[in-house]
Amino acid sequence: MKLHIKKNDTVYILTGEFKGKTGRVIDIDRKNMRVYVEGINLKTKHTKPSPKNPQGGIIKVPGGIHISNVALMSDGKPTRVGRRIENGKRVRYSKKTQKTID
């Protein structure tokens, strides 16, 4: 399934508690159609002691946001994304400015 958002894209949150904020996508769950954005929708997680974290304790981890609730940022503004063929390759482009993304 092709998605309009990729890992490391900067996105704008369209709805919900974090509406209007921006952040970088750190992970995408294609099965559940969710994106995980750095610093947005943080959840607390209780962890056991491990070699990586010998103390254990409570840590903050980002929760998922449905992919339909985020828009890609292009030139500092949220935009819709289209696809077109350029030089034999499929590329994403901003529907607002018609510029190629990536």
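The entries below follow the strands and then the rings.

Basis. I worked from a predicted model, in which local features need pLDDT of at least 70, side-chain atom pairs count only at pLDDT 80 or more, and totals for chains, interfaces and linings use all residues. Residues are numbered from 1 along each chain as its sequence is written, and side-chain values use heavy atoms, with hydrogens and water left out.

Terms. I took strands as DSSP runs of E, at least two residues long, numbered from the N terminus. I counted two strands as paired if DSSP finds at least two bridges between them.

Entry on β7. I looked up strand β7 (residues 70-74) and found four of its five residues buried, that is, under 20% relative accessible area with a 1.4 Å probe, protein chains only. Three bridges link β7 to the antiparallel strand β1 (residues 10-13), where I13 faces V70. On β8 (residues 77-79), β7 again has an antiparallel partner with three bridges, and S74 lies opposite K77. I noted that β7 and β8 form a hairpin with two residues between them, and that D75 in the turn has a positive phi of about 55 degrees.

Entry on the open sheet. I found three strands in the order β9-β10-β11, paired antiparallel. β9 (81-86) and β11 (100-101) are at the edges with a single partner strand each, so one side of each lacks a neighbour in the sheet. Six bridges connect β9 with β10 (residues 89-94), and R84 has V91 as its bridge partner in β10.

Entry on rings. I found the charged end of R84 over the ring of Y93, 4.2 Å from its centre; the criterion is NZ of Lys or CZ of Arg within 6 Å of the ring centre and within 35 degrees of the ring normal.

Technical notes: Buried means under 20% relative accessible area, exposed over 50%, partly exposed in between (1.4 Å probe, protein chains only).
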